[in-house]
Amino acid sequence: TGIVAIIPAAGIGERMNAEIPKQYLKIGERTVLGLTLERFLNYEPVEIIVLVTSPSDTHYDNLRDIENEKIVVIDGGEERADSVSNAISFLYDSGLPDDTPVLIHDAARPCVTSTDIEKLCNHFRNTNKACFLAAPVVDTIHQVDEDATVNGFIDRRNVVRALTPQLAKFIELKNSLEEAKAKKLSVTDEVSALKHAGHSVDAVIGRPDNIKITTPEDLRLAAFFLDNQ
Ligand code: C5P
């Protein structure tokens, strides 16, 4: 079966302090979004890309540096979760079969490699379990309370950083995200929703340079990583 990719790109990138949302900023000649889309277009098993942009977005049409018949553009919502949820509804209305593998990848992560995308998809194919790209934690991690007093111990060997893509069967993703919404759980990624709904999820260790562009420094870092991959 083919894989469907959802790329949430409807954020405004407040922390970037730029005129235009971070997914449209340039790294060299290319936009962040264009670079991200290219990674998925280069991985053949991805048959449909649902690109979620903001309804008030005036940039996509002007700044797009990639056009491809696999890409469908739909409107996003207020939060990332709303944007993902719009994509899920769109796919449901299009009659997507329940067991289709669906992955979600932040537009703001242009350094993901096609090799890591393949590694994740192969893991899913071999195990039939939801999974996501993750990176080990290199610093010591401490749990603190509201006034920043250390109040718990976390062994860093038992912690990973959640990156994207995150991948699951369409129906599992749909049900888990709906359940998280109904219960008003504050989940900031799909893995949290899947886990809350009782699904087992595997962390697949990927490259730590798969950063999420958030601040202006991240743009320079991403340019460096892309040049050295
Ligand atoms: O803001 P943050 O860095 O968490 O955004 C992660 C991804 O989610 C970005 O690619 C951003 O464009 C997207 N997003 C979205 N809809 C929103 C907010 C963020 O698609 N309302």
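Helix α3 (residues 80-93) packs against helix α5 (residues 170-182) at about 135 degrees, with 11 Å between their axes; axes are lines fitted to C-alpha atoms over the stretch in contact, and angles run from 0 to 180 degrees between N-to-C directions. That angle makes α3 oblique to α5, since under 35 degrees counts as roughly parallel, over 145 as roughly antiparallel, 65 to 115 as roughly perpendicular and the rest as oblique. V84, S85, I88, L91 and Y92 of α3 meet F170, L173, K174, L177 and K181 of α5, where contact means C-beta atoms, placed from the backbone, within 7 Å. By class, this contact has 7 nonpolar, 1 polar and 2 charged residues.

This is a predicted model: local features need pLDDT of at least 70, side-chain atom pairs count only at pLDDT 80 or more, and totals for chains, interfaces and linings use all residues. Residues are numbered from 1 along each chain as its sequence is written.

The ligand is surrounded by 17 residues, the closest being P8, A10, G11, S83 and A107; a residue is near if its C-beta atom, placed from the backbone, lies within 6 Å. The shell around the ligand divides into 6 nonpolar, 6 polar and 5 charged residues.

Most residues other than glycine have a negative phi, and most peptide bonds are trans. The T164 to P165 bond is cis, with omega near 10 degrees, and P165 lies in strand β10 (residues 160-169). Two residues that are not glycine have a positive phi:

| K184 | about 55 degrees | 7, exposed |

Exposed means 12 or fewer such neighbours, buried 20 or more, and partly exposed in between.

Conventions: Helices (H or I, at least four residues) and strands (E, at least two) are DSSP runs, numbered from the N terminus. Two residues are in contact if their C-beta atoms, placed from the backbone, lie within 7 Å. Ala, Val, Leu, Ile, Met, Phe, Trp, Tyr, Cys and Pro count as nonpolar, Asp, Glu, Lys and Arg as charged, and the others, Gly among them, as polar. A residue is buried if 20 or more other C-beta atoms lie within 10 Å of its own, exposed if 12 or fewer, and partly exposed in between; C-beta atoms are placed from the backbone.
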